[in-house]
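Let's take a friendly walk through a protein together. Please have a look at the sequence and the 3D picture, and then read on.

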Amino acid sequence: MKLILLGPPGAGKGTQAKFLSAAHGIPQLSTGDMLRAAVKAGSTVGKRAKSVMEAGGLVSDDIVVDIIADRIAQADCAKGFILDGFPRTLAQAAALDRLLASKKTALDAVVAMRVDDDILVRRVSGRYTCGTCGSGYHDEFQKPKKAGVCDKCGGTTFTRRADDNAETVRTRLMAYYRETSPLIGYYFALGKLSVVDGMAEIRAVTIAIEGALKTVK
Ligand code: AP5
Ligand code: MG
């Protein structure tokens, strides 16, 4: 299955991609995670992306398309993948279509997650991640069972993203409305789009996405 999770910052793309990845045995391809790893490693790509990401803008199409082309070519993507945060512009969507067509394949589904802006800001501002295994948490909405201890790996160090502050979130939201939201029309026209209520409880959103995928496959 080749799936795109589409939605604004904080919609729950990463949260749901992790569940779907485990349930379907296909990898989560998050361009945000890959770019953050490049920034941390201090690579050429990381150096080009760092200031743009911190300001809440979009990294250039050529960089992210190259990253995804390399990643999709790896063996673990042969059965499919979940794209989380890519494509984010019409140019990226067109490049993805060409990339998949060159491999004689195509997307199966695009699931758009709808969440009101005020909730997005609360979600992003309260988000943190296990520094050991990368599991995601939230101060209010997704607390670990034992405070300060990761449910999954027992890790006790956590990190917060440099771009997760109320001011940058608003810039990211504007980038979403300007550059990414036109993709909803693009995939609707191709007959690939399902829309789910991303404001429901986390488990209910997973069930809604699985329901949408059943109608596709
Ligand atoms: P990226 O890392 O993709 O960030 P984003 O799109 O802004 O999305 P987020 O990761 O903030 O949100 P999410 O939807 O994954 O939500 P999550 O599941 O964590 O990109 C970062 C930057 O990289 C971009 O700004 C850009 O600069 C660059 N970039 C990346 N890809 C690019 C591309 N293709 N082109 C150009 N530039 C690119 O959930 C958020 C919080 O809410 C969590 O704490 C979670 O616990 C909680 N939560 C989730 N679901 C629920 C729920 N249903 N109810 C209650 N709480 C919930
Ligand atoms: Mg994410």
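What follows moves from the whole protein to a few individual residues.

This is a predicted model, in which local features need pLDDT of at least 70, side-chain atom pairs count only at pLDDT 80 or more, and totals for chains, interfaces and linings use all residues. Residues are numbered from 1 along each chain as its sequence is written, chains are lettered from A and ligands numbered from 1 in the order in which they are written, and side-chain values use heavy atoms, with hydrogens and water left out.

Let's begin with the overall build. The protein has nine helices and eight strands; these are DSSP runs numbered from the N terminus, with at least four residues (H or I) for a helix and at least two (E) for a strand. Its C-alpha atoms fill a box of roughly 45 × 40 × 35 Å along the principal axes. The radius of gyration is 17 Å, which agrees with the value near 17 Å for a compact globule of 217 residues. That radius is taken over C-alpha atoms, and the globule rule is 2.2 Å times the number of residues to the power 0.38.

Of the 217 residues, 43% count as buried; buried means under 20% relative accessible area, exposed means over 50%, and partly exposed is in between, using a 1.4 Å probe and protein chains only. Among contacts (heavy atoms within 4.5 Å) with a separation of 6 or more, 69% join residues 24 or more positions apart. The protein exposes about 10,900 Å², and carbon and sulfur atoms supply 56% of that area. Such areas come from the Shrake-Rupley method with a 1.4 Å probe, and for residues only the protein chains shown count as cover.

Now find Cys153, in the loop between strand S6 (136-138) and strand S7 (158-159). Cys153 counts as partly exposed because its relative accessibility is 37%. Beyond its neighbours within four places in sequence, Cys153 is in contact with Cys130, Thr132 and Cys133. Ala91 is 62 residues from Cys153 along the chain, and their C-alpha atoms are separated by 39 Å.

Moving along, Arg160 sits in the loop between S7 and helix H7 (166-180). With a relative accessible area of 48%, Arg160 is partly exposed. Which residue's side chain makes a polar contact with the side chain of Arg160? The partner is Asp139, at 2.9 Å. A polar contact is a pair of N or O atoms within 3.5 Å; within protein, one must be able to donate a hydrogen and the other to accept it, and residues adjacent in sequence count only if both atoms are side-chain atoms. Not counting residues up to four places away in sequence, Arg160 touches Ser125, Gly126, Arg127, Tyr128 and Asp139.

Helix H7 contains Thr168. Is Thr168 buried or exposed? Its relative accessibility is 9%, so Thr168 counts as buried. The side chain of Thr168 makes a polar contact with that of Asn165, at 2.8 Å. Leaving out residues up to four places away, Thr168 also touches Glu54, Ala55, Gly56 and Asp163.

Finally, look at the backbone. The peptide bond from Phe86 to Pro87 is cis, with omega near -5°, and Pro87 lies in the loop between strand S3 (81-84) and helix H5 (90-102). Lys104, in the loop between H5 and strand S4 (109-114), has a positive phi of about 55° although it is not a glycine. Lys104 counts as exposed, at 77% relative accessibility.
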